[in-house]
Amino acid sequence: MKRGILSILLLLTCGFASAQEKHKAQSAYDFLQSIGVNSAIYRRGESVERTIECINYIGARWIRTDESMNTDEQVAAIKRLHDATGVKISTSLGSGGSDIESLIQGSRRMAAMGVLLAIEGNNEPNNWGIRYKGQEGGRDKSWVAVARLHRDLYQAVKQDEVLRHYPVWATTESGAMTDNVGMQYIEVPHDDADVVAEFRGVRFADAANCHNYFTHPSWPAPQNNQTWLSSLPTSAAKGDHLQGNYGVTWLKKYKGYSDEELLNIPRVTTETGATISGQMTEEMQARMYLSCYLSQFAQGWSHTAIYILRDRSDEAGNQTFGFYDKDYRPRKAAHYLHNLTTLLDDDQPAKRLSSVAYTIENQSAEIHDLLLQKSDGSFALIVWGELYEGGKQTVTVRLKHKYDISIFNPTKGTSPTCEGRMDNFDLEMTTHPYIIELR
């Protein structure tokens, strides 16, 4: 029997049938739709044609932009991109922007083409600051202007006949508020007396929005569960996380949602990622990008955009976040994501989600699993490890019933490493996912 990174043991089913736990599948299509990237698309040294090539290769389903997309040039570029890839776009007030009308107009044009995904507020006003109706805000100043801007944006979208059904994503880095203007809430409670009175009862957004980079000065890599713990929605999270922006704000400690409430609020990530430096090699970055998408979706983030599709060529400093370098050379992250999205490819949601009974024996806190179902009814059980500090661990997957099984390792390619009809098998876990197809 062949052994290596993956070893398969065909075992007798006697005595195991009562041990399996039923797991309800999630839609493989929904997971794929969650996979996004940041990109300037056609600016900052990028071209639409190369962006099309990159998106079609890695299989990302949406792009987060930092602008309103309102000029004829922008609209024409996005139409070419969408026609060639099917990718969706989130529009934004951008860094320091405050032109609500331009964003509304651009979003309408995106919606008319079937491209619009969501409308986002300001990008990191703690870093860029804004000026709205003559008042400066953000950074180390009062955030009243930031709150007024996002409140007015939300109302403008919801009063618009074309846009009112599209989600509005919150302004990022609400944890940096200097005064308590209530942006740690999606909708501010009427009875929170600590919030500036003007904003009590205000609805700011349809989803919380974070830049929960999985590497952070307070959470440097590599550590076990590097991406899993940055994705946690509760106070047990690491880095610049959901709880520090919507639970207890990281700068002034203003209180928002409880841990229990944070588990259930709608949430998206519009930036996360890591640069290549020191122990963060190209190989480790690639593996963490896969586990980031998986960890985020498994813990309730509906959309995740990694920064960035292609390295910036118009900025100084360490520009190695990208799936591609500035010359469009694909990094391992591009190849591994291509393999993952190719193996899971699905163009519509499953009509009815079912369950699979299985257990994973010897599953430590660093081993995670996610059950997906495709529209053809087949299942993809994904099991991944976050043992980034080193070592390996063997787990045994036990299924209640026998399936025709194909096991894939997306860091090796898109051909199965093992196939057979079985109900039990071993996996040697380190820092990459296995995709187990069950039919």
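What do β3, helix α2 and β4 make? In this predicted model, they make a right-handed β-α-β unit, with helix α2 spanning residues 48-58.

Start with strand β3, residues 35-38. Both of its faces are covered. Ile35 and Val37 are buried on one side, and Gly36 and Asn38 are buried on the other. β3 also has strand partners. It runs parallel to β4, joined by 3 bridges. Here Asn38 stands opposite Arg64 in β4. Another 3 bridges join β3 to β12 (residues 303-306), again in parallel. In that pairing, Val37 faces Ile306 of β12.

Ile63 stands opposite Ile89 in β5.

These pairings belong to an open sheet of 8 strands. The order is β9-β6-β5-β4-β3-β12-β11-β10, with parallel pairing. β9 (168-169) and β10 (208-210) stand at the edges; each has a single partner strand, so one side of each is left without a neighbour in the sheet.

Helix α6, residues 144-158, lies across β5, β6 and β9. It runs at about 155° to β6 (116-122).

Two further helices pack together. α10 (residues 282-298) and α11 (residues 332-344) meet at an angle of about 35°, with their axes 8 Å apart. The crossing is right-handed. The contact has 8 nonpolar, 1 polar and 4 charged residues. From α10 come residues including Leu290 and Tyr293, and from α11 residues including Tyr336, Leu337 and Leu340. Among the others are Glu282 and Arg287 in α10 and Lys332 in α11.

Definitions and conventions
Residues are numbered from 1 along each chain as its sequence is written. This is a predicted model: local features need pLDDT of at least 70, side-chain atom pairs count only at pLDDT 80 or more; totals for chains, interfaces and linings use all residues. Side-chain values use heavy atoms; hydrogens and water are left out. Two strands pair if DSSP finds at least two bridges between them. Helices (H or I, at least four residues) and strands (E, at least two) are DSSP runs, numbered from the N terminus. Contact means heavy atoms within 4.5 Å. Axes are lines fitted to C-alpha atoms, for helices over the stretch in contact, and angles run from 0 to 180 degrees between N-to-C directions. A crossing is left-handed if the near helix is turned anticlockwise from the far one by less than a right angle, and right-handed if clockwise. Ala, Val, Leu, Ile, Met, Phe, Trp, Tyr, Cys and Pro count as nonpolar, Asp, Glu, Lys and Arg as charged, and the others, Gly among them, as polar. Buried means under 20% relative accessible area, exposed over 50%, partly exposed in between (1.4 Å probe, protein chains only). A crossover is right-handed if, with the strands pointing away from the viewer, the path from the first strand over the helix to the second runs clockwise.
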